[in-house]
Amino acid sequence: MGYFTNQIGYPADILSSRSIIKRDNYALIPPEGLVRNIIPGFDNCDITILSTPKLGASFVDYLVTLHHDGGNKQGFGGDEVETFVYVIEGGVTASADTTAHELTQGGYLYCPAGVMLRLANNNAGKSSKVFLYKRRYQRIDGYQAHVVCDNINNLEKIHYEGMDDVILQDLLPKDIGFDMNMHILSFKPGASHGYIETHVQEHGAYILSGAGVYNLDNTWVPVKQGDYIFMAAYVPQAGYAVGKEEFSYIYSKDCNRDVEI
Ligand code: UGY
Ligand code: MN
């Protein structure tokens with residue numbers, strides 16, 4: 001175990017943290033507090049586990065730094081578990097079973113349940129960083145999901161809910177076979193949501209750029225690039241972009257299924 005940010009030794013000031021953990025409600029996890037986790041199958045990787053069922057999520061998110069020759073050859077997911085990988089930095093070879101795809105920054109691969117995701121760093125000897133997700137797939141009769149591989153540079157930029165300066169990108173198809181989607185929301189400086197959302201779907205969000213002030217259960221929290229936010233079902237949520245850069249995050253959202261009782 002070690003520090004994900006490679007910070008070791010005594011701090012220059014008193015110990016403090018921006019982390020907020022409200023189980024079954026919301027969490028803000030900044031990079032400074034993250035530790036390395038060992039997960040069998042991941043070699044030459046620094047991997048840290050973010051949302052899990054222990055926090056109140058139905059899914060698991062990870063941040064993985066793949067070093068030289070790093071990756072996962074044995075496979076991740078399979079059986080009833082769907083997986084998704086997004087390249088934050090660098091380049092990786094991501095395989096859906098035996099079909100290999102070269103992904104560069106902004107590239108992603110979704111593997112449906114039953115298909116193994118394999119990863120290998122491919123960044124000219126330098127490290128690569130990915131956002132990784134898994135979830136137990138909710139099957140319904142007559143429909144199925146399929147492998148999706150693309151790059152966000154190829155995706156339509158949708159003006160989000162009537163606002164010119166908020167852009168939505170849907171990474172997976174709007175197809176009933178899929179029980180979740182990944183999206184990127186990007187806010188120009190000063191832009192915001194149009195209202196404070198309250199909905200049954202959960203999110204795990206990794207902030208790709210910029211900074212914002214985010215409402216989580218009616219508490220306004222400053223957030224910035226590199227932070228991770230978990231939003232449980234029903235947590236009130238919305239944000240303003242602050243500063244000079246575009247504020248954008250990638251996030252998961254469950255969809256296309258009725259609620260089981
Ligand atoms: O799709 C969403 O629910 C999204 N607008 N939520 C969010 O940004 N917190
Ligand atoms: Mn939402």
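Mentor: Start with the elements: helices (H or I, at least four residues) and strands (E, at least two) are DSSP runs, numbered from the N terminus. On that numbering, Asp179 sits in the loop between strand 13 (166–170) and strand 14. This is a predicted model, where local features need pLDDT of at least 70, side-chain atom pairs count only at pLDDT 80 or more, and totals for chains, interfaces and linings use all residues. Residues are numbered from 1 along each chain as its sequence is written, chains are lettered from A and ligands numbered from 1 in the order in which they are written, and side-chain values use heavy atoms, with hydrogens and water left out.

Trainee: Why does Asp179 count as buried?
Mentor: Buried means under 20% relative accessible area, exposed over 50%, partly exposed in between (1.4 Å probe, protein chains only). Asp179 has 0% relative accessibility, so the residue is buried. Arg135 is buried as well.

Trainee: What makes Asp179 and Arg135 a salt bridge?
Mentor: The term needs a side-chain nitrogen of Lys or Arg within 4 Å of a carboxyl oxygen of Asp or Glu. Here the closest N and O atoms are 3.0 Å apart. The pair links distant parts of the chain: Arg135 is in strand 10, 44 residues from Asp179.

Trainee: Which backbone atom lies 2.8 Å from a polar atom of the Asp179 side chain?
Mentor: The backbone nitrogen of Gln138. The side chain of Asp179 also makes a polar contact with the side chain of Arg135, at 3.0 Å. A polar contact is a pair of N or O atoms within 3.5 Å; within protein, one must be able to donate a hydrogen and the other to accept it, and residues adjacent in sequence count only if both atoms are side-chain atoms.

Trainee: How many salt bridges does a search of the whole structure find?
Mentor: The search finds 8. One joins Glu80 and Arg139, with the closest N and O atoms 3.1 Å apart. Glu80 lies in the loop between strand 4 (59–77) and strand 5 (81–89), and Arg139 in the loop between strand 10 (128–136) and strand 11 (148–151), so the bridge ties together parts 59 residues apart in sequence.

Trainee: Is Glu80 buried or partly exposed?
Mentor: Partly exposed, because its relative accessible area is 34%. Arg139, at 49%, is partly exposed too.

Trainee: What coordinates the manganese ion (ligand 2)?
Mentor: Glu197 (OE), His199 (NE2), His203 (NE2) and Gln237 (OE1), at 2.1 to 2.3 Å. Donors are N, O and S atoms within 2.8 Å of the metal (3.2 Å for Na, K and Ca); water is not among the atoms, so sites may look incomplete. The donor residues are spaced E-x1-H-x3-H-x33-Q in sequence.

Trainee: Why is the arrangement called octahedral?
Mentor: Four donors count as tetrahedral if all angles lie between 85 and 135 degrees; four count as square planar and six as octahedral if opposite donors are over 155 degrees apart and all others between 65 and 115; anything else is irregular. The 6 donor atoms around the manganese ion (ligand 2) subtend angles of 78 to 173°, so the arrangement is octahedral.
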